Structure formats: structure tokens, C-alpha cells
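Subject: Structure handover

Hello,

Here is the structure I said I would pass on. Please open it next to this message and follow along.

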Amino acid sequence: MLLALCRSQALLWAALLCALLVGADPVAQGPCQVPPQWVNDDYCDCADGSDEPRTAACAGSGSPATFHCGQGVPPLSRRRIPLGQFADGICDCCDGSDEPPSTCPDTCGNHLQALKDHNATLHANLTQWLVMRSQLAEEGKECVMGITQEMEQANEQLQKMVELMKQFQAEEQEAAFLQAYHYAQHFKSQLDLRKHYAASPLQVFDGHLQLCPLRTQCFHIVDNEKHFRGGSAEPEAHDYNFTVCPFQHVTQIQVSGIKEGEDPPKSVVLGIWAGWERETPPSEEEKKMRIKELEEAESARGFRPGTAQNSRTMIFTGGESCWGGPPRTVRVTLRCGVQQLTQVRENGKCTYTFELETPGACTHDMVPDLMPEEDDDF
Amino acid sequence: FFSATGAPMRCSAFFAFCLFLGICDGLWSSGNIEERKQEAQVDAYDYGILKYTLVDGAYKVKDAVVAKPHGELSVNDSPSHMVLGNGQTNGVVAKSHAKIAKPTFTEVEMSVNDEVAMHISVDDKLPENAQVGAKIRFAGAKTIYGIPERAVDLALKSGHTYRLWNLDVFRYQLDDTKGIYGTIPFLMAHSATRTIGMLWLNAGDTTVGIEKDESGITAKWQSLSGTLEVYFMPGPTPLDTLQQMSYLTGKPYLPPLFAMGYHQCRWNYRSEEDTLSVDEGFDTHDIPYDVIWLDIEHTDGKRYFTWDAHNFPTPELMQEKIAAKGRKMVTITDPHIKRAAGYHIFDEASANGYFVKKSDGSGDYEGHCWPGTSSWLDFTNPAVRDWYATMFKYDKYKGSTPILYTWIDMNEPSVFNSHEVTMDIEAQHHGGVRHKDVHNQYGFYQTMATYAGQILRSQGPPHDTTTRPFILSRSFFAGTQRYGAIWTGDNEAKWSHLEKATPMLLAMSLSALTFVGADVGGFFDNPEEELLVRWYQAAAYTPFFRGHAHLETKRREPWLFGEENTRLIRDAIRSRYRVLPYIYTNFYLAAKEGVSVISPLFFWWPTDEKLFELQDAFMLGDAMMVRPIFNRRSESDSVDVYLPGSPSEPWYDFNDGTAYTAPATHTITCDMNKIPVFQKAGTIVPMRERARRSTTAMRNDPFTLQIAVDAQGRASGSLYLDDTHSHKYENGAYIHRQFTLQDGTLKATKYTRTSAYTATQAPATEAFTTNLYFERIRIYGLSKAPAAVFLEPLSGDFNAYGMQDVGADIQTRQSLAFDFSNGMLTIRKPGAYLMLDWTITLA
């Protein structure tokens with residue numbers, strides 16, 4: 001409790017108390033000791049800013065100290081602003097507590113109402129989306145079975161053809177051999193395609209069965225290159241139609257500025273499904289553990305954003321090279337929402353990012369309380 | 001042959017003669033030798049500057065030189081020579097005279113204090129295409145500098161021929177002797193005993209070959225068009241030479257304070273939403289910045305002075321939001337105009353015939369640039385400049401507001417589908433002048449017109465006073481410093497480009513171009529994180545400080561590279577804002593005295609030969625030295641820094657006060673936190689140490705004085721302050737305070753020092769007052785703690801300053817709190833006001 005207070009340094013009394021408690025330790029970078037009249041006297045005595053919690057004197061002194069809005073009254077007290085933004089002529093706290101009295105209008109009411117409205121809408125939407133998610137998870141079971149079956153079938157057929165090839169080879173039936181080889185290649189490619197989904201469907205969807213139905217769907221978004229990449233070195237900036245087919249590929253095609261008599265623009269592959277983005281590749285042991293964990297608890301667990309195994313972002317690689325550049329690559333980030341593609345960006349040459357909203361990315365812990373909590377930001 | 005109207009002659013001396021130059025017009029045209037009549041002319045200017053011209057009817061550069069000849073010339077004639085003394089007395093630093101050989105008048109010796117310093121020998125064996133040429137010999141010179149802009153070493157190299165021709169060079173190569181975007185045909189020749197300067201006033205395609213030998217340096221000049229016009233600046237020190245160049249081509253303008261803050265740019269922020277979120281990002285990450293920029297894509301189809309209706313539908317509203325944070329914006333307005341009926345700029349320019357014409361004069365010159373088929377405004381025409389200025393008025397430039405400033409790019413001019421990516425050299429400008437005659441001045445003229453536009457728009461509501469313009473141009477010529485800032489164009493995200501930025505900026509600075517910078521991070525390609533951090537740390541101390549990046553690079557806002565790099569970049573940008581009072585003071589001194597803001601080290605220690613070719617460090621003002629780091633730590637985590645001077649003038653680490661002896665080379669270990677920055681002994685640097693979000697947010701913050709004492713315990717420095725944005729300072733609405741520490745007493749008085757180069761000021765009709773004060777005085781280099789520290793006001797007309805409420809506590813002698821540790825004295829809240837005279841005594 002006391003230590004937490006010391007870290008927050010929100011209040012004058014807290015700062016003083018902390019100075020008494022911890023100030024004697026010369027090694028710790030804790031609050032330093034100053035005479036009482038030097039606290040909040042608009043001069044920075046302590047490198048950690050602990051003597052000036054309610055002035056800007058210590059702004060930039062190397063301290064991470066912040067100013068707390070709202071004179072400590074919850075929930076407004078929770079907005080923290082950098083010390084340098086205190087008394088700088090710009091209203092940052094909704095109650096105006098960072099600027100001299102009667103400088104700033106009190107906009108906390110508006111903020112609170114806006115937040116309530118936002119939460120109410122989100123609450124209603126999420127309730128719906130979570131139902132959709134459960135349905136998707138049901139569909140997902142069949143979907144995964146489907147893939148497994150497809151792979152098994154393709155493998156069976158392949159083996160059959162290989163057997164036939166051996167037979168025809170022995171019988172020196174050249175035409176039949178070539179035909180079997182042709183079929184074998186077809187099944188092999190089907191199998192290879194499925195291998196894009198890796199060995200186990202659970203691994204493909206990272207344990208999230210509700211995402212499996214996405215594999216048979218494609219999503220579109222049309223945007224102008226001024227908007228998705230910032231501009232064009234050509235006189236005219238063009239519109240492009242992007243198609244994201246999760247677990248398959250991403251393509252684009254130019255849809256504006258097509259001149260008569262010129263060849264129509266061709267669809268360009270931006271990337272082929274390559275898996276989920278991982279911050280660090282998990283070890284084999286970790287993979288097994290995670291799969292087991294997910295198999296056991298899939299229905300009960302939420303989608304976990306921000307874990308080491310970031311299963312929110314799909315990677316597509318090996319796209320066609322752009323002019324003078326490397327092969328194109330794509331990241332598709334899944335967000336909680338209705339099923340739609342909401343954003344495309346080219347950030348850096350040949351590097352595309354998309355945001356795909358799906359109820360499959362919604363979790364129960366996203367449902368907001370209808371009353372804002374203390375740590376909500378104003 | 002010569003016509004002299006009596007001695008002493010006023011202003012200038014003329015000598016008419018016939019010159020057998022291979023370049024004479026029509027020399028072989030009809031089988032007869034036709035001589036071109038030329039008149040040699042010598043003019044005298046202030047400060048001993050002399051001009052030698054061959055007047056022959058060819059195009060003469062206009063508007064670059066602003067000084068008028070008004071010195072007296074004494075004439076001493078003999079059968080073999082004529083000696084013309086610069087008899088003017090105004091600000092004579094060195095006596096000079098010209099000795100002209102008769103009867104040709106094409107051999108001229110320029111002397112400083114009766115010693116021959118420069119010899120002009122008009123070239124009579126020019127290649128067929130050259131129009132004028134001369135060998136110019138700098139007697140006794142050891143090194144020679146100048147002729148920006150190119151990515152070469154600061155000291156020009158013997159055996160190299162440099163080309164002066166403004167071009168938009170795609171991915172310009174380091175160490176290429178060919179020119180890039182701008183030109184200042186100025187050379188500074190230096191030795192331990194003398195520095196002189198020369199200006200080859202010609203805007204045509206020019207080359208300079210440099211040859212060094214044991215007794216001096218020869219520069220072989222040739223221009224493919226124009227007139228031979230050579231200005232000689234007698235020095236005798238580097239600073240004198242620079243100030244003489246500033247006198248000739250105009251002292252730099254004083255930019256508004258915000259322009260010295262950090263600028264955030266990119267090709268291109270996508271939309272209003274994107275722009276505002278970047279602005280918000282700076283506040284969220286507590287990183288200061290002042291200006292956010294919009295490149296060509298903010299327009300409707302690259303029609304400048306318009307807005308993209310989809311991505312920037314409410315530009316005024318966007319600017320209001322930026323303005324509410326005390327920040328500014330910049331939009332780009334390039335000189336090429338899309339040929340599109342209905343586009344107001346095109347329609348008006350077209351109707352008035354304001355475009356450059358084709359070589360046969362039959363119609364508008366056309367070429368390709370960003371918008372496709374375009375024509376180029378003829379900024380050499382005063383009527384076009386006047387008209388262009390009106391385009392910046394708020395009712396003309398729809399969607400612009402008073403916080404919007406201007407960037408002018410591609411003004412070499414860049415023409416994508418033309419020879420050397422520039423305009424047809426025979427294209428016709430105003431008055432039938434061919435492009436080849438004015439080429440290197442094209443960007444300069446656009447800067448001039450844009451400056452006029454920003455002045456014009458502020459001469460009425462909503463402005464209550466005219467505001468100082470801010471313009472960034474890529475192309476420049478001698479004189480551009482009067483109007484705006486320059487950046488080194490499209491550099492690359494490479495360590496070598498960071499390294500070369502220093503000599504490039506120094507070459508401009510010593511050629512009187514003051515407000516200069518290089519794109520932080522490198523324009524092309526993606527910088528590795530360590531490079532980006534080091535670039536911020538170095539650029540924080542250069543006059544112009546902007547991050548910019550190409551369309552095809554990854555986003556580069558300072559917080560996108562992890563927490564640690566965000567902290568390092570934040571600290572680097574903050575280090576800039578901390579010393580802004582010092583930088584602003586130096587910009588003022590530049591405007592007043594014609595000095596530069598940054599300079600090579602040899603400027604301050606001209607006799608130290610170790611500094612002659614030193615280009616990895618620079619001086620900021622006369623108190624701070626900066627050594628950028630341009631190598632990875634994995635290659636070396638330390639640098640050798642040579643600190644010049646004398647044993648009585650040690651150096652101090654700017655941030656922690658560690659003392660370093662001089663003259664000596666020190667090995668400085670560099671972690672990622674900072675680059676070596678030193679404060680010279682004997683100096684005082686005014687600062688503001690509170691980290692704010694912008695210059696506007698700092699306006700009420702108190703100041704710090706950081707003092708580094710010499711061996712005798714002495715130091716001095718000054719602080720300039722005004723309203724930071726208007727022209728009222730020209731009428732006296734400013735304060736300039738002098739601080740002197742001597743014999744244990746720090747004294748604050750009015751700054752009264754003047755030099756021969758100080759601009760004459762009109763009597764003050766306005767005043768600037770402030771109740772700001774010093775919150776801290778920090779002294780490096782004291783050997784022991786004082787027993788006590790006292791403040792005593794010398795004088796204080798508090799009422800006159802509107803400071804009735806603050807005066808009471810400083811009218812009596814007061815004992816001040818202080819702390820002394822690690823050789824650093826910190827005086828706490830001395831109660832010393834900026835406006836007042838006071839002394840602080842260390843007892």
C-alpha cells in the first residue's frame with residue numbers, strides 16, 4: 001500500500017510520507033528528501049520529480065513522474081499526463097485541473113457520457129458477436145473435420161496413384177504411367193495446398209476452431225493509394241481492390257485510371273498463407289502444451305490477445321515482387337467485430353497490413369461494464 | 001583604352017578595351033575576327049570588398065547581391081598598372097586594393113594590407129562552349145572551402161573539378177564533384193595567417209577546378225553563360241570573410257522560434273485523421289515537436305494550393321486542432337503547375353503569360369513533373385513574383401490558416417522528361433533571358449516570391465502584426481538566407497549520409513547560408529534503429545531539424561521503434577528544446593552580425609592547422625561543440641575528439657560538466673544515451689530545461705544559465721528574446737541581455753557589444769517586456785564551493801516593465817540557496833529576472 005503510493009506520488013502528503021519512509025536510502029532511486037517548503041515550490045530538487053508533483057518544474061528531468069488530473073477525485077483522478085503538460089496553456093485534463101483555474105472548460109461530463117454511450121453500444125454489439133462466435137465455433141468443428149478429410153482423401157489418392165505408377169512401370173505401360181503420374185501430381189498439389197494449413201488443423205487455426213470457417217471466405221476492400229500508402233509517384237493516384245482470403249492468399253487489382261486501349265490490369269498476388277505471426281517461435285514442447293491446453297479448454301477460454309504466441313495476426317508471404325522491390329508480404333490482423341475487411345495499409349515498400357473484423361476474435365472479457373471503471377482514461 | 005574620369009573616382013572605375021577571347025560572340029562567324037567590346041570595371045564596397053567585372057552586354061546576375069558599391073576608390077596610375085585602393089572607411093577591417101595590369105585590364109591583383117592575396121587572370125583560352133573564365137589564385141592559401149551544394153568533404157580537393165549547376169539528382173552519390181540542388185559560387189581560402197573570400201557571381205553552368213601547390217591554391221572558373229563578375233572579400237579571418245559575404249548577399253532573416261523546433265514530415269501523411277493521430281502520438285509519448293508537414297499528396301491531383309477532398313476535406317478544422325496545441329503546419333507548393341483548365345493557378349498564370357516560354361518563344365514551356373504535363377512559373381519576373389505572393393492570401397489559398405507555412409521543392413527546377421532532369425537551357429524567361437543564364441537562381445526566386453506571399457497574407461486580419469515567414473526550399477543561390485531554410489534534399493538512410501551531413505551543412509554555413517539541415521533518418525530507405533537514434537542526436541544541434549521519409553519507407557514516427565529507442569529519441573529532441581534560448585540567440589546574432597549558427601572549428605581557432613580539414617564536428621554558436629556519432633557501437637563504442645584551444649580554456653561535457661583539457665585529443669566512450677557535446681570554457685549558455693510539448697508551451701517557462709568558467713574563473717554570454725514571431729523586434733521590441741562572470745561576480749546587463757558588421761538599427765519605437773526569470777544558474781569548473789551566494793539588483797525599473805508584483809522580493813540583497821557537488825555549482829531560484837540588471841556574487 002505504502003509502496004504503491006510512493007510509486008504513484010499522486011499527492012502532496014503521499015510524496016512527503018514517501019520522503020520520510022524511503023528517502024533515507026541513498027542507493028534506491030526513490031524520492032529524495034527536501035525541506036517541506038521546497039515541495040511544490042516550482043523548482044526541481046529531486047531527479048525523480050518527487051518534490052514537484054503539482055508543478056512542471058521537474059518536467060524532463062529524467063523522471064517518469066506524471067501529473068494526476070482531478071485533484072485526486074475518482075474516477076477523474078486516473079488520467080495521468082506528462083508533467084510537462086501541466087500549466088502549458090493547453091487543456092489536457094477534462095476538468096481543467098492541469099491549467100490555472102477558469103482557463104479550461106470542464107468537459108468531464110461530456111467525456112463520461114461519450115464513454116457510457118460507447119460502452120453501451122459496444123455492450124450490445126458484443127453480446128451479438130459473441131453469439132456469432134459460438135456459432136462459428138460450431139461450424140468450425142465440421143470445418144476442421146472437412147480439412148482433415150480432404151487431406152486424408154488426397155493422401156489416399158496419392159498413395160493409390162503411386163502404387164499404380166509402380167505397377168505401370170513394371171508393366172512398361174508408358175501411357176498409363178504418365179496418366180497416373182499426372183493424377184498423382186494433382187493429388188500431391190492438393191495435399192501441398194492443405195499443408196499450408198500445416199500438419200494439424202488445430203495448429204493451423206491456432207486452436208481457434210471458430211476461425212476455420214474463414215478459410216472458405218474471401219473479403220474485399222477498395223481503397224485509393226493516397227489513402228492506403230500515402231500517395232503515388234505517378235500523376236494520378238489509383239484505386240485498388242484488395243481481396244483477403246484467410247488461410248489462402250491475398251491479391252490486389254487496380255480498379256481506377258484504366259485507359260481505353262491499354263491492357264486491363266492484372267490481379268497481383270500479395271502473399272500466400274504462411275502461418276500466424278509469432279514473436280518467438282515456440283518450442284516443440286510448448287506447441288504440444290498449448291494445443292493440449294486449447295483442446296481441453298477451447299470452449300471455455302477466450303481469445304488471448306498479446307500473449308507470446310500472437311495468434312491475432314496472419315502472415316502471407318512470397319507475393320509477386322513489386323517494381324524494384326522484394327516479394328510482397330502481408331499481415332492480416334484480426335479484430336473483434338462483424339465479418340468485414342476494414343483497413344488496408346502499405347507501410348513500407350511491398351509490405352501490406354490489413355485489419356479483418358470477425359466475431360471469431362471477440363471474447364467475453366471484452367464486454368465493457370456499463371459504468372466506467374476507475375482506471376478508464378479521460 | 002580606359003576611361004577614367006578623374007581621381008579619386010567615386011564608386012567605381014571603368015576601363016573599356018577589346019578582349020581577344022576565344023569566347024567572343026561570332027568570333028569565327030564570317031571568317032573575320034570580331035572583337036567583343038568589354039569594359040572592365042572595379043567597384044569598392046564596405047569592409048574592403050572589391051568587385052572586378054567584365055561588362056560585355058551578357059546577362060548579369062540580379063538580386064543576389066544586395067550591398068551597393070559606395071566606397072571611394074583611390075587611383076594610382078602608371079604605364080604598366082593601375083592601382084585602385086578601396087578608400088572607404090566604413091567598417092574597415094583590412095585595407096584592400098586592386099592592381100590592374102595594362103593594357104589588357106585582364107590581370108588583377110587583390111591585396112590585403114598591401115600583401116597580394118588573390119590574383120585574377122581572365123582566361124583567354126576557353127573551350128568553345130564556355131562564355132567566361134578566369135584563373136583565380138589564392139596566394140599562400142592552405143585550404144579552400146565553399147561552393148555548396150554537393151556531398152563532398154568540407155575542404156575542397158586538389159585536382160578535382162566541381163560543377164555548379166542545380167539539379168535534382170536521384171540518389172545523389174557521396175563524393176561526387178557534380179552539383180546537386182543549390183549553388184553558392186563562393187570560395188573561402190584559408191591559411192594560418194589569412195582568410196579571404198571570393199564570389200563568382202554567375203548563375204550559369206559553371207565549373208571550378210581546384211589545384212593546390214606549396215605556395216597557394218588556384219581555382220579555375222568557367223561559366224557557359226553570363227558575365228565575369230568577381231567579388232573579393234579581404235577577410236582577414238574566417239569570421240570576417242563570412243560576415244563580408246553576408247554583407248554582400250544579405251544577412252539571414254530571423255526565423256520565428258517555432259521554426260527552430262522539431263519538424264515532423266513524411267511523404268505523406270494520409271489524411272486529416274492520420275495527421276492528427278501523429279500529432280497526438282507526440283503528446284502521448286511526451287516528445288516535443290512544433291510543426292507537422294504535408295507533402296504533395298495533400299493536394300487535389302498535385303495541384304498546389306488545393307486540398308484532396310477525400311483525405312483532407314476540412315483543412316481549416318485540422319489546422320485549428322493543431323493550432324490549439326500551439327503548433328504549426330506546412331504544406332508544399334512546388335513551382336511546376338499542372339496544365340489543367342479550371343485549376344486557378346494554371347488559369348491565372350496562363351491568362352497572364354506567367355509561365356516560362358519555349359526556346360522559340362512560341363508558347364509555354366512544358367514538361368513532366370509530379371502532376372504530369374506541367375509548366376513552370378517564371379519567378380525571375382517581378383510581376384510573377386508579385387502575383388504569386390497574392391496566391392498565399394487566405395481568400396486565395398482556400399483552406400489555409402495563419403499557422404500554415406510553406407515548403408517549396410523540385411525548384412532546381414526538376415523536369416522529369418528533360419535533359420539532366422531540368423529545364424531546356426534555351427527556354428525563355430522574362431525579357432527574353434535564356435534559362436541557362438538564370439538557371440541556378442530559379443529556386444532562389446521562388447523563395448523570394450514565397451517570402452513575399454507570407455508577408456503579404458499577414459498584412460491584415462486576422463493578423464494584428466506581420467509575422468515572420470517560414471519557408472523551406474530545396475534549391476538555393478547566394479542570398480537565399482534572406483528568405484528561408486534549406487535542407488540537403490533526398491539523402492539516404494545510411495551511416496555515410498549521416499557522416500556527410502556535417503560537411504555539407506558546414507559548406508553552406510560558411511557560404512552565408514545559415515538555416516540548414518538534413519533529413520533525420522535519411523529520406524530514402526529504412527534506417528536501422530541505431531542510425532535513426534544517432535541521427536536525431538546529431539540533428540538536434542543543427543539549425544534546421546526535421547524528420548522526413550520517402551513514400552516507400554516504413555512509418556518512422558519516433559515511438560515506433562520500441563520503448564528504449566523512443567526514450568533515446570525523446571531525449572535527443574528534448575536536448576534541442578533545452579538549448580533553444582541559446583539557438584534563438586544565435587539566430588539573432590546571425591541576423592544582426594551576419595555570422596552563421598553552426599561553423600567549422602577552424603573558424604574559431606584559425607591558426608590551428610589540425611582543424612583545417614576537420615569535418616566530423618561543428619561549433620554551435622561560439623560556446624558549444626558537437627561531435628555526431630556516425631558509426632555503429634559494434635564497430636567502435638568510443639570516438640577520438642580533438643578539443644582545440646589553450647590550457648586556460650578547458651572544455652566541459654555539456655550535460656554533466658566533466659572537464660577536458662585542451663588542446664588535446666580525448667577518447668570519449670559513447671553509450672547510446674548521447675553523443676559528445678561540449679561547452680567551451682569562458683562561455684554562458686542560456687537554456688530552458690523543462691520538457692514541454694512545443695516552443696509555444698515553453699513560453700512562460702523560466703530559464704537556466706549554464707556557465708563554464710575558464711582558468712581565471714571568467715565567462716560571458718548573452719540571451720536574446722522577443723515575441724518570437726513578429727517583426728516588432730526591428731523596432732526595438734526585444735531584450736538582449738549580456739552575462740559576464742568575473743572575479744566571482746556574475747553580472748547581468750544590457751547587451752551593447754557591436755562589431756563592424758552590426759546592422760544599423762533604427763531608434764526603438766516599441767518595447768518588449770517580460771517577467772520571466774532564471775530559475776537556476778549552473779556553473780561548471782569551480783574548484784571549490786563558495787561560502788555564500790548573494791543576489792544584488794543593480795537597477796530595476798520594475799514599474800516600467802509591468803513587474804510591480806514581482807519586484808519586491810529582489811530589491812534587497814538576498815542570500816541564495818546553492819548546491820555544490822562534483823565540481824558543479826547550482827544556484828537555486830536566484831530570483832534574477834531577465835529584464836533587470838543584477839549581480840550574483842560568489843563569496
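Predicted model: local features only at pLDDT ≥ 70, side-chain atom pairs only at ≥ 80, totals over all residues.

Eight strands of chain A make up an open sheet, and their order is β3-β4-β5-β6-β7-β8-β10-β9. The pairing in this sheet is mixed. At its edges are β3 (219–224) and β9 (340–346) of chain A, each of which pairs on one side only. On average, neighbouring strands are turned by 25 degrees against each other, direction ignored.

One pair to look at is β4 (residues 239–245) and β5 (residues 249–254) of chain A, which run antiparallel and are joined by six bridges. Within this pair, Y240(A) has Q254(A) in β5(A) as its bridge partner.

**The three-stranded sheet in chain B**

Chain B has an open, antiparallel sheet of three strands in the order β22-β24-β23. Its edge strands are β22 (336–338) and β23 (367–369) of chain B; each has a single partner strand, so one side of each lacks a neighbour in the sheet. The twist from one strand to the next averages 60 degrees.

Three bridges pair β23(B) with β24 (residues 372–376) of chain B in the antiparallel sense. Here H368(B) has T373(B) in β24(B) as its bridge partner.

**Strand β14 of chain B**

Is strand β14 (residues 186–190) of chain B enclosed or left open? Five of its five residues are buried, so β14(B) is largely enclosed by the rest of the structure.

In a regular strand, side chains alternate between the two faces of the sheet. In β14(B), F186(B), M188(B) and H190(B) point one way, while L187(B) and A189(B) point the other way, and all are buried.

β14(B) pairs with β12 (residues 143–146) of chain B over four bridges, in the antiparallel sense. In that pairing, Y145(B) stands opposite M188(B). β14(B) is also joined by five bridges to β15 (residues 195–200) of chain B, and these two run antiparallel. There A189(B) stands opposite I196(B). β14(B) and β15(B) form a hairpin, with four residues between them.

**Helix α8 of chain B**

How far apart are the end C-alpha atoms of helix α8 (residues 495–509) of chain B? They are 22 Å apart, which agrees with the 21 Å that its 15 residues should span at 1.5 Å a residue. α8(B) bends by about 30 degrees at A501(B), and a proline, P503(B), follows within four residues. The helix is mostly covered, with 13 of its 15 residues buried.

Regards

Conventions. Residues numbered from 1 in each chain as written. Chains lettered and ligands numbered in written order. Heavy atoms only, no water. Expected span 1.5 Å × (residues − 1). Bend = angle between axes of the 7 residues up to and from the residue. Buried < 20%, exposed > 50% of the residue type's maximum accessible area, 1.4 Å probe, protein only. Pairing = 2+ DSSP bridges. Axes fitted to C-alpha atoms, helices over the stretch in contact; angles between N-to-C directions.
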